[in-house]
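Hi,

Here is the structure I said I would pass on. Have a look at it first, and my notes on helices and backbone angles follow below.

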Amino acid sequence: ERKGTLFVDVQRRLNIYLRAMWGRDFFLRPTAGDYESREGLRPYVERYVIHIADAYDDHRPHGADTPPQAVVPGSELYRAVANHCAAHLVFTGAPLSPQGLNGVQMAVIEVLEDARVETLACRQFPNMRAAWLALHPVPDHTEPQTVGDLLNRLARALLDPATPDPHAWVRQGVALFQAEADLSSNQTSWNIGVALAHSLAHIPAQSSLPEFNPRTDGLRAPYRDDNRTVWASEVYDLAAALEATWAPRQVRKKVSLMEMVNETNNEFAGDDAEEIWVLPTEFYLDQEGASINALEGREPVADPVHYAEWDYQIQLMRPSWVTVLERRPPPGDPALIDKIVDDNKPVMARLKFLIESMMPQGVQRIRRVEDGDELDINAAIRAMVDLRTGQQPDSRIMMRNQRSLRDLSVLVLLDMSESSNDKVRGQDHRIIDLARAATVMLAGALDRIGDPFAVHGFCSDGRHDVHYQHFKDFDQPYNDLVKARLAGMRGAYSTRMGAALRHAGAAFKLQPQRRKLLFIVTDGEPADSDVRDPQYLRHDTKRAVEELAREGVTTYALSLDPHADQYVSRIFGARNYTVIDHLERLPEKLPMLYMGLTR
């Protein structure tokens, strides 16, 4: 649906064209967005692969006033980009080292290196010069306002020496470049570039120019690449990067009793302590009659988990893009949960009859089947009567004993973002209080039915800090500890929903049940502090729901946002969501909805 010339339409012709021109094959790949619509995005060469924008508009050097004969079609722009990047690959032996160079020196060297490879290419294909010149900015011989103006004038003058530039520094650069007889090595660009950058700093008019900014003072010709292939760079190691991100790691070591007693610096250190000392045996206190581990010990926090995230703009998964950190939920007062049950006794009484009808009934007899475990006497007698009276008998004279079991596991995922702390319109209680009440009532119903269930919550503070809390796991009983954790629920930060759904799906992988149901209770759309595009996290959440569906997990959303109809159906599907306009009915709606979905 993009406008302009699409890469997918010209890729095959570009490959054939480059093979015919250069006598070798080049690998081309598209990148997201085009140069005109996404500022700063340029073609680049990485690991011998040429990356080009997936769409180009026709280039107009004079803007809207460009005459028709001066407009460069998008297909010609693709040819110019491909030829320039191919010239880098053909005429560059080894990359240069950027050590000891400042930003101005590197920028000047890049301009000269572009001119070097283009000059060598024009010696073989002279008409490439005109194709590249048509894409350069229109010559402006007024006094330069920035260092970028000088660099762009130098780039054009090196490509078109027949049209001299009046600026003394530009003429000096052209003269030094033309004086070089051997352009086979990129060391030539390095030598001339360092000399030119040194002379640039001593121009009297240079003192009035603003300081060089690599983001705004780059080359403006749209066919020029970002020159990352000019410089030598270290190979990116994902494992090393992850190690550096989370280093230094905690050191766990076993120590003796006397070392523990005499050399412990801080016995009340938290989860971020540099070292954890472990005694091989329990250490008991006489006055308490219990071990230190029983009194002060805590279960270790899980390691960070990295998940990929879907980028709808480039239609690719970003690997290891989001980090989920499991946190211990703070405990609260279990009396708050008992009060919720007492306040909702009428609803609990109605749920009691539904629960009894859903509980497993043991062994059931299924009559009137052709292939069963034993003979159905009544059906056999009726068949014999039909035979004696000359009628066609019913062949279904067997019955089968079937054990009635509920093969289902449920996970309730709670959105605990900062917006859940808002009060319900016209009420004194908050949204998170209603979500807690609904979860408590559903948990009580699930505990009576016997279905294995878990209750988790999440919020996020950027893609590297998605908080995930386990209030109850599948193998954990619904006891006072779980109630205390639910009572201590607090809302904070934002809602990165896709990562939380993928982490919840990982918990389902350990469950043997055939049917798996994930309830997500949220009060708004997916959002996070480091994402500006409102569609980005919506598309990622939809992708996460599709991934769970392929793994046999049904995701059902219970939205408390009155405007959720605009987006929730596109994320979860037309039948897998419910929007609750009256929030005070949430404690009643959630258990009833579960009964209807699992009957």
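A residue counts as buried when its relative accessible area is under 20%. By that cut-off helix 16 is mostly covered, with 11 of its 12 residues buried. Among them are Met497, Leu501, Arg502, His503 and Phe508. Bear in mind that this is a predicted model.

The length of helix 16 (residues 497-508) works out too: its 12 residues should span 16 Å at 1.5 Å a residue, and the end C-alpha atoms are 17 Å apart, which agrees.

Now for the backbone angles. Most residues other than glycine have a negative phi. Which way does the phi of tyrosine 48 go, positive or negative? It is positive, at about 65°, although tyrosine 48 is not a glycine. You'll find tyrosine 48 in the loop between strand 3 (44-46) and strand 4 (49-53), and at 68% relative accessibility it counts as exposed.

Asparagine 227 is not a glycine either, and its phi is also positive, about 65°. This one sits in the loop between helix 7 (187-200) and helix 8 (238-246). Is asparagine 227 buried or exposed? Asparagine 227 is buried, because its relative accessible area is 2%.

Cheers

Definitions and conventions. Residues are numbered from 1 along each chain as its sequence is written. This is a predicted model: local features need pLDDT of at least 70, side-chain atom pairs count only at pLDDT 80 or more; totals for chains, interfaces and linings use all residues. Side-chain values use heavy atoms; hydrogens and water are left out. Helices (H or I, at least four residues) and strands (E, at least two) are DSSP runs, numbered from the N terminus. Buried means under 20% relative accessible area, exposed over 50%, partly exposed in between (1.4 Å probe, protein chains only). The expected span of a helix is 1.5 Å times one less than its number of residues.
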